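Subject: Structure handover

Hello,

Here is the structure I promised to pass on. Please open it alongside this message; my notes follow below.

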Amino acid sequence: MFENPTQRRLGWLDVVLICVLLLGVAWIIYRVETRLVYNWNWGMIPGYFWFLDPITGQWRSNMLLQGLLTTIRMTIWASIIALIVGTLMAIARISPLPSVAWLARTYVELVRNLPPLVFIFIFFFFLSTPISNQLGLADWARALEGTQRSIVTFLFGPPNLFANFITGTICLALFEAAYVTEIIRAGIQNVGRGQWEASTALGLNRWRTLRLVILPQAIRRILPPLTGQMISLIKDSSIVSLISVQELTFTGQQISVATRRVFEVWLTVAALYFVLCFSLSIVSRRLEARFRRADR
Amino acid sequence: MFHRRSMIAAAIAGVMLGGVTAAVPAPVHAQENLIDSIVQRGVMRVGVGNFVPWVFRSKTGDIVGFEVDVATKLAEDMGVQVEFVPTVWDGMIPALLAGNFDVVISGMSITPQRNLRVNFTTPYASSGNMLAASVQRMPDRASLDDFNDRSVIIAAVRGSTAAAAVQAQLPRARLIQFDAEADVLQEVLNGNADALVASVPKPGRDAATFPDQLYIPVRETFRGTLEAFALRKGDADALNFFNNWILVNVANGFLEERWDYWFVGQDWADLVPE
Amino acid sequence: MARHNPFVHLAIYASVMALIVWGVYQGAVSTGYRWQWHRVPQYLFEWDDGTLYRGVLIDGLIVTLQISAAAFVLMLVFGLVTAILDGSPSFVGRAIARTYVEVIRNTPLLVQLYVIYFALSPVLGLDRMSAAILTLALFEGAYAAEIFRAGLQAVPRGQVEAAQALGLSRFHIYRHVVLPQAFRLTLPPLTGQTVSLIKDSSIVSVIAVFDLTTEGRNIISDTFLTFEIWFTVALLYLMLTVTLSFAVTGLEHRMQRTVAR
């Protein structure tokens with residue numbers, strides 16, 4: 001804001017900050033050595049990714065890797081659903097029909113103000129479980145065989161937890177969709193009024209105006225915050241462990257209980273989340289930079 | 001214009017109405033017959049928590065433990081497969097009530113308060129709990145009564161038999177509950193709680209591992225808590241079946257033999273690393 | 001025009017909402033859940049010898065308020081310092097600010113709390129409560145930093161240049177020119193962040209701080225009154241967040257009037 005922010009020479013502020021940082025790190029290391037009662041053992045971690053099965057002599061994936069895969073699967077499905085629901089709700093939010101707009105608004109406000117846990121309980125136990133029991137999802141998945149079984153396993157994880165995975169994913173998606181709604185609505189409303197008026201003057205109806213004129217422009221403003229929301233989704237996905245979906249946080253918890261290696265397990269889990277989220281965050285920044293260039 | 005818009009609004013309302021109405025199934029549990037439906041399905045779904053050595057994940061990711069042996073034998077005797085559904089403690093009862101699994105076999109202690117909400121079978125286990133105290137915060141105590149005081153902070157796992165035992169026998173102490181046993185141990189090691197309570201023989205082993213931080217003030221165990229299967233209310237047939245299965249397996253020594261294997265012996269130690 | 005008749009739309013809205021509530025209720029009935037609401041009030045208030053005592057849930061609500069208030073203040077500090085460092089000419093300052101924001105935003109709060117409470121707090125000598133507040137403030141501060149950064153950037157460059165021309169020092173420029181304008185822009189997103197903070201504060205139940213969520217979970221663990229207690233807890237959280245939203249909306253209106261004058 002004041003000077004050219006790309007300057008590389010070290011100023012007085014840099015020197016002070018470096019000193020503070022070094023002192024802090026040195027102090028923490030000293031205190032870790034003297035105060036923390038803990039025997040470190042990082043050796044057990046790799047075995048929770050892969051291990052050599054002594055019976056079959058083959059490498060098998062273990063809980064951390066399976067948990068990570070479940071988190072990735074759930075993120076992809078939930079993002080797709082959240083995008084669809086969010087777009088529909090955003091269009092409903094700006095609808096000229098008050099009742100439709102109110103309903104969308106109610107949905108957004110409810111989700112944003114309720115603790116996530118409560119939202120999941122209501123949705124999972126009072127709506128989705130009765131429906132999925134009625135449809136017989138769990139029994140259907142359990143009865144699958146051969147190729148069908150492997151396809152379902154690849155897309156949705158272990159068949160015996162299929163029903164939980166599906167409902168957990170939908171639940172997560174509906175939760176995030178409320179935030180997506182607001183992002184898309186803001187994007188649409190940022191496109192100038194003149195565009196709407198010009199399109200109306202050209203004789204386009206509301207739907208075609210949205211599809212052909214408004215959304216293509218809004219998408220530039222929407223995409224960067226949308227990837228940010230996807231990062232939140234990855235992190236929030238740990239709440240569905242409540243309904244037996246065995247994602248990364250859940251498996252991490254199980255390993256830390258079995259091994260009592262709290263720090264090693266949680267630091268590893270944190271690193272895995274960081275890799276997932278940070279790569280998305282880089283994508284987000286690339287997109288932002290590209291759109292900024294395109295705007296010029 | 002007006003007509004079309006009203007029709008859209010009406011259509012949306014109609015779709016939502018239809019969706020919600022379709023979503024309401026007929027009450028299924030009113031005349032539930034759990035045993036029949038398990039046998040028909042050929043699979044018994046068992047809700048389990050995560051607590052060494054009751055039920056936990058081995059280093060190859062398999063679900064193992066005392067409960068697993070119990071439920072596997074139970075399913076065998078019924079002639080069905082067993083399917084374990086690992087669930088966090090907070091989700092256990094809602095998932096049971098929603099019909100996500102048939103029975104909870106997860107070291108659940110019987111208390112009257114809980115019994116108002118779910119049915120418990122005859123107890124199939126009675127766990128002994130023991131207290132390990134912090135050397136720094138409460139040295140040289142030799143009686144459990146020393147810990148029954150408002151100023152004492154005792155850590156235990158939320159929902160465990162140990163937490164139930166503390167509430168029953170040390171009602172004046174301040175009980176703080178964590179989600180995992182490793183957290184409970186770390187809490188005392190870090191000097192943030194005066195003592196921990198857990199099922200035997202773990203407190204003794206912890207004290208041996210960290211002799212500078214932990215000691216066992218009282219060798220005797222707490223009065224035992226009683227553990228039972230938890231079922232949805234309203235199915236006397238299922239309750240009768242499970243009760244009698246437990247009675248038979250107490251009489252033939254199966255439950256005791258498995259108990260000794262998991263809670264007294266150490267033959268399973270290589271299921272967890274190091 | 002009839003389609004703008006508010007009563008028609010009110011009727012449509014009310015009937016759809018009623019249907020959804022009815023559907024959830026029917027879903028609850030179909031699971032065979034027997035409500036036991038009469039067991040709940042004792043956790044809100046205890047009536048003993050003609051005196052009214054607070055129940056444990058209200059105690060928890062107070063702790064939640066305390067944690068949120070303390071974390072809110074710290075969040076502002078962390079956010080502002082980070083935003084200023086991020087916009088500073090110092091290379092190291094920017095690096096610190098970016099690292100902080102990226103690390104916090106790309107890892108789950110739960111994991112941060114575990115690391116800070118079990119690993120760092122014995123090292124730093126923090127108690128349970130301070131560790132909870134510090135973690136929450138660090139987490140929300142990283143988001144607040146982005147909000148402040150956007151707010152600071154939105155203040156036109158000309159303002160700063162004019163202030164510099166007037167011979168104000170950098171501190172005074174921030175204090176009197178930049179921050180007051182940025183504050184107005186950041187108020188709405190900051191409110192959203194504070195609502196998040198109140199909701200996120202429930203995470204401290206994993207380190208046994210006796211906040212609203214912890215008290216609720218402990219009661220559920222003892223009584224299995226899962227839905228009754230969670231709905232009560234949710235209502236208490238809703239009261240907090242909705243009150244906050246209303247208060248800030250009022251504040252915004254007042255500020256807009258001041259600007260208009």
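A polar contact here is a pair of N or O atoms within 3.5 Å; within protein, one must be able to donate a hydrogen and the other to accept it. Keep that in mind for the arginine below. Also note that this is a predicted model.

**Start with C:Arg128**

C:Arg128 sits in helix α5 of chain C, which covers residues 128-154. Its side chain makes a polar contact with the side chain of B:Glu187, at 2.4 Å. The two residues also form a salt bridge, with the closest N and O atoms 2.4 Å apart.

Is C:Arg128 buried or exposed? Its relative accessibility is 14%, so C:Arg128 counts as buried; the cut-off for buried is under 20%. Leaving aside neighbours within four places in sequence, C:Arg128 touches residues of chain B, among them B:Ile176, B:Phe178 and B:Asn192. Within chain C, its contacts include C:Tyr117, C:Ile207, C:Ala208 and C:Val209.

**Chain B against chain C**

That pair belongs to a wider interface. Here 42 residues of chain B are in contact with 38 residues of chain C. The size of an interface is often given as the accessible area lost when the parts come together. For chain B and chain C the buried area is about 3,600 Å², and carbon and sulfur atoms give 58% of it.

Four salt bridges are counted between chain B and chain C. There are also 17 residue pairs in polar contact across this interface, both residues being at pLDDT 80 or more. On the chain B side, the elements that give two or more residues are α1 (2-22), α4 (89-97), α5 (112-115), β10 (174-178) and α7 (181-189). α1(B) gives the most, with seven residues. By class, this side has 22 nonpolar, 10 polar and 10 charged residues.

**Chain A against chain C**

This contact takes 56 residues from chain A and 65 residues from chain C. Chain A and chain C bury about 5,300 Å² between them, 73% of it on carbon and sulfur atoms.

How many salt bridges are counted between chain A and chain C? The count is one. C:Glu102 forms a salt bridge with A:Arg285, and the closest N and O atoms are 2.7 Å apart. On the chain A side, the elements giving two or more residues are α1 (12-35), α3 (98-113), α4 (116-135), α9 (206-236), α10 (248-259) and α11 (262-295). The largest share, 12 residues, comes from α11(A). By class, this side of chain A has 40 nonpolar, eight polar and eight charged residues.

One more point on chain A. A:Gly228 lies in helix α9. At 26% relative accessibility, A:Gly228 counts as partly exposed. A:Gly228 and A:Leu280 are 52 residues apart in sequence, yet 7.9 Å apart in space, C-alpha to C-alpha.

**Inside chain B**

Chain B has 10 helices and 13 strands. Of its 274 residues, 60% count as buried. Among contacts between residues at least 6 apart in sequence, 71% join residues at least 24 apart.

Take a look at strand β8(B), residues 129-134. Six of its six residues are buried, so β8(B) is largely enclosed by the rest of the structure. Five bridges join β8(B) to β11(B), residues 195-199, and the two run antiparallel. There, B:Leu131 stands opposite B:Val197. Two bridges join β8(B) to β12(B), residues 214-215, again antiparallel. In that pairing, B:Ala133 has B:Tyr215 as its bridge partner.

Best wishes

Definitions and conventions:
Residues numbered from 1 in each chain as written. Chains lettered and ligands numbered in written order. Predicted model: local features only at pLDDT ≥ 70, side-chain atom pairs only at ≥ 80, totals over all residues. Heavy atoms only, no water. Buried < 20%, exposed > 50% of the residue type's maximum accessible area, 1.4 Å probe, protein only. Helix = DSSP H or I, 4+ residues; strand = E, 2+ residues; numbered from the N terminus. Pairing = 2+ DSSP bridges. Contact = heavy atoms within 4.5 Å. Buried area = accessible area lost by both parts, 1.4 Å probe. Salt bridge = Lys/Arg side-chain N within 4 Å of Asp/Glu carboxyl O. Nonpolar A, V, L, I, M, F, W, Y, C, P; charged D, E, K, R; others polar.
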